[in-house]
Every structure is written in C-alpha cells, then in structure tokens.
Amino acid sequence: MKKLISVVDRWSSVPLGVVGVSGTRALLGFVGLMFYVSQYADRDYLFGPAAVLSWREFVAQLHEDGSFSLYAWSSSEVWFQLVFHLGLITALMVTLGIGGRAVLACHWVLLWSLYERQPVLLDGGDNLAYLVILMLLATRCYDRFSLSSGLADRLARRLPTQLRSLTTPLHNLGVVAVAAQMCLVYVVSGLYKVQGQMWQDGTALFYVLRVPEFSLPGVSNLVYGNDFLVVAGTYVTVFFLVYFPMGVLVPALRPWAAAMSISFHLAIAVCMGLTGFALTMIACDLVFLDKELGKAVSMARELAVRLSRWARKTQQRTEHAREGALTEESV
C-alpha cells in the first residue's frame with residue numbers, strides 16, 4: 001500500500017519526461033516547417049486554387065471523405081497565400097517554442113488542412129503527427145527548448161488551485177499516451193510484416209530497395225546484391241519492431257531500444273528518402289530518451305560556459321598584450 005501511495009503521489013506531483021516531450025514538440029514542428037519550405041516554390045501548383053488538383057475537385061473529395069480543410073473555405077488566391085504563410089509561420093513558432101499550446105493547436109489545424117489539400121505528397125509520418133500533436137497539448141512540452149515569454153506562467157497563476165493541480169497528472173497522461181502510441185505503431189507494423197510471405201522467407205528487403213522511388217543509387221544495390229545483408233536486415237527489422245515495447249518497458253534497455261529505433265529510421269531517411277516519416281518517428285522516440293536528453297543539454301550548457309570563459313580569457317590576454325606593446329612603444 002505504501003508503494004502504491006508513493007506511485008500515485010509521484011504521478012500527481014512530479015512531471016515525467018518533460019525534456020523528452022519538449023524535444024518531440026520541437027522536432028515535429030521542424031518536420032512541418034520542412035514540409036512548408038520544401039514545397040514553397042511549387043506551392044501554387046500543388047496547393048493553390050489552380051493547382052494540379054483543382055479546387056472544385058478538392059472540395060468534392062472533402063465532402064465525400066467527411067473531412068475539412070481551411071483551403072476549402074475559399075478559392076481566392078489571397079486566402080490561399082494567407083493560410084499557407086500563416087501555416088509556415090506557425091510551424092516555425094512551434095519549432096522555436098513560441099506561443100504555447102494555443103499556437104500548437106493552430107499548427108495542428110493548419111498542417112491537417114495542408115495535408116488534406118494534397119495527400120499524394122504524404123509519406124505516412126502525417127498519420128502519426130496528427131495523433132501525437134493532439135497528445136502533446138496535454139503535456140508541458142514548452143518547458144524546454146523554447147523561447148518562452150512567461151505569459152503562459154502568468155496566466156497559469158490566475159487559474160484556480162484545483163485546475164492547476166490537474167496540470168501534472170494531465171502532463172503525465174499525455175506522455176504515457178505518446179509512449180503507448182509508439183509501442184502500438186511498432187507492434188502493429190511488426191505483426192503485419194510477420195504475416196507477409198516475403199518477410200517470412202527473408203527476401204522483403206531485396207524487393208523494397210529495388211523500388212525506384214525508395215532507392216539510393218550506389219548504396220541500395222550493394223545491400224540487395226548481398227544475400228546475407230538482405231536476409232539479416234529483413235529478420236532484424238521484424239524482430240526489432242515486434243519486441244520494441246518489451247525493450248522500452250525495461251529501464252536499463254530503454255535508451256538502447258530508442259537509440260536503435262533512431263538509427264533504424266535514420267537509415268530509412270537516407271536510403272529510402274522518407275525523410276518526413278523518419279524524422280516524425282525519431283521525434284516521438286525522444287519520449288523514451290528523457291534522461292539522456294537532459295544529460296546532453298547539461299553537457300552542452302557546461303561546454304558553452306567553458307567556451308565562453310575561454311573566449312573571455314583569450315580576449316583579456318590579447319588586450320593585456322596590446323597594452324604591453326603600447327607601453328613599450330611609448331617608452
């Protein structure tokens with residue numbers, strides 16, 4: 001009973017994974033910003049009123065799917081430019097940690113609207129981003145890696161005590177929701193692969209890397225041309241995806257499982273070109289690296305302090321040397 005009370009007390013009073021979810025928010029904002037910037041030159045052709053998918057066809061598809069998009073509200077060029085640039089600015093603000101949860105919610109709406117406007121450009125990371133951003137709204141994901149103005153803290157002090165006492169449990173619930181969502185993604189993906197014949201006989205990697213859209217010239221052929229790499233890569237992928245949740249449930253194995261996942265998705269980004277999907281998965285993996293991120297931030301701050309001290313000492317020595325030279329010249 002004492003252990004149970006201690007767990008409940010910690011759950012309601014100590015926020016967990018603050019650094020991890022803050023990194024998740026910053027990197028998800030960067031993924032959205034990257035999408036806006038990468039399509040900026042072709043924005044009229046891809047998303048505008050006279051885009052390759054006409055505005056009327058787009059609105060008709062939205063009605064059929066029962067979805068929504070801000071780009072469907074008007075066929076005006078001015079409205080399109082306003083919404084698009086507002087989305088770009090909002091993504092930048094989320095990346096820098098400006099505006100708090102209100103800006104994060106606006107970012108979700110604007111990003112959903114853009115993705116709905118041209119779904120053929122999506123690589124799968126959008127499905128996870130939709131869910132995780134909503135979960136982050138319950139967390140304190142602006143406590144780190146943000147340019148906070150202090151307005152949110154001042155507003156929070158004006159809330160009733162009963163409401164303020166709910167912020168920590170809601171934050172912890174949001175962190176657990178993100179972690180559970182990631183485990184679900186890995187398990188479902190692994191189990192689907194287990195049912196496939198090519199994954200069972202160890203040849204799936206051979207066929208995946210031969211698809212022109214998902215191959216890296218000069219590298220992919222070296223992998224699918226080696227039988228050992230193909231078989232090992234196929235079976236290791238399935239094994240990792242299925243047993244990832246077991247790895248993160250054990251505290252000692254958690255950072256290793258998250259590091260392996262990040263390496264796995266970096267390889268996907270480089271070899272298959274699915275950069276948005278890979279960065280989205282990596283962003284969500286940061287939830288499992290809260291302590292490690294905290295240590296890295298502390299080391300970076302210490303290094304910055306040491307470099308600042310070294311720069312000041314170097315400057316002082318230079319100034320003393322100049323003063324000495326001037327004194328000798330005057331003598």
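Student: With a relative accessible area of 55%, does Leu-147 count as buried or exposed?
Tutor: This is a predicted model, in which local features need pLDDT of at least 70 and side-chain atom pairs count only at pLDDT 80 or more, while totals for chains, interfaces and linings use all residues. Residues are numbered from 1 along each chain as its sequence is written, and side-chain values use heavy atoms, with hydrogens and water left out. Buried means under 20% relative accessible area, exposed over 50%, and partly exposed in between, with a 1.4 Å probe and protein chains only. At a relative accessible area of 55%, Leu-147 is therefore exposed.

Student: Which nonpolar residues make a surface patch with Leu-147, and what is its area?
Tutor: Leu-147 lies in the loop between helix H7 (125-136) and helix H8 (151-157), where helices (H or I, at least four residues) and strands (E, at least two) are DSSP runs numbered from the N terminus. Patches are made of residues with over 30% relative accessible area and no salt bridge, like charges being joined within 9 Å and nonpolar side chains (Val, Leu, Ile, Met, Phe, Trp, Tyr) within 5 Å. Accessible areas come from the Shrake-Rupley method with a 1.4 Å probe, and for residues only the protein chains shown count as cover. Together with Leu-147, the patch is made by Leu-92, Leu-96 and Ile-98, and its area is about 320 Å².

Student: Which residues gather with Arg-309 in a patch of positive charge?
Tutor: Arg-309 has its place in helix H17 (residues 290-330) and is partly exposed, with a relative accessible area of 48%. Lys and Arg count as positive and Asp and Glu as negative, His and the chain ends not being counted, and the place of a charge is taken as NZ of Lys, CZ of Arg, CG of Asp or CD of Glu. The residues that gather with Arg-309 in this surface patch are Arg-312, Lys-313 and Arg-317.

Student: How far apart are the closest N and O atoms in the salt bridge of Glu-302 with Arg-306?
Tutor: A salt bridge is a side-chain nitrogen of Lys or Arg within 4 Å of a carboxyl oxygen of Asp or Glu, and the structure holds 2 of them. Being 4 residues apart in helix H17, Glu-302 and Arg-306 are separated by about one helical turn. Glu-302 is partly exposed at 43%, whereas Arg-306 is exposed at 53%. In their salt bridge, the closest N and O atoms are apart by 2.7 Å.
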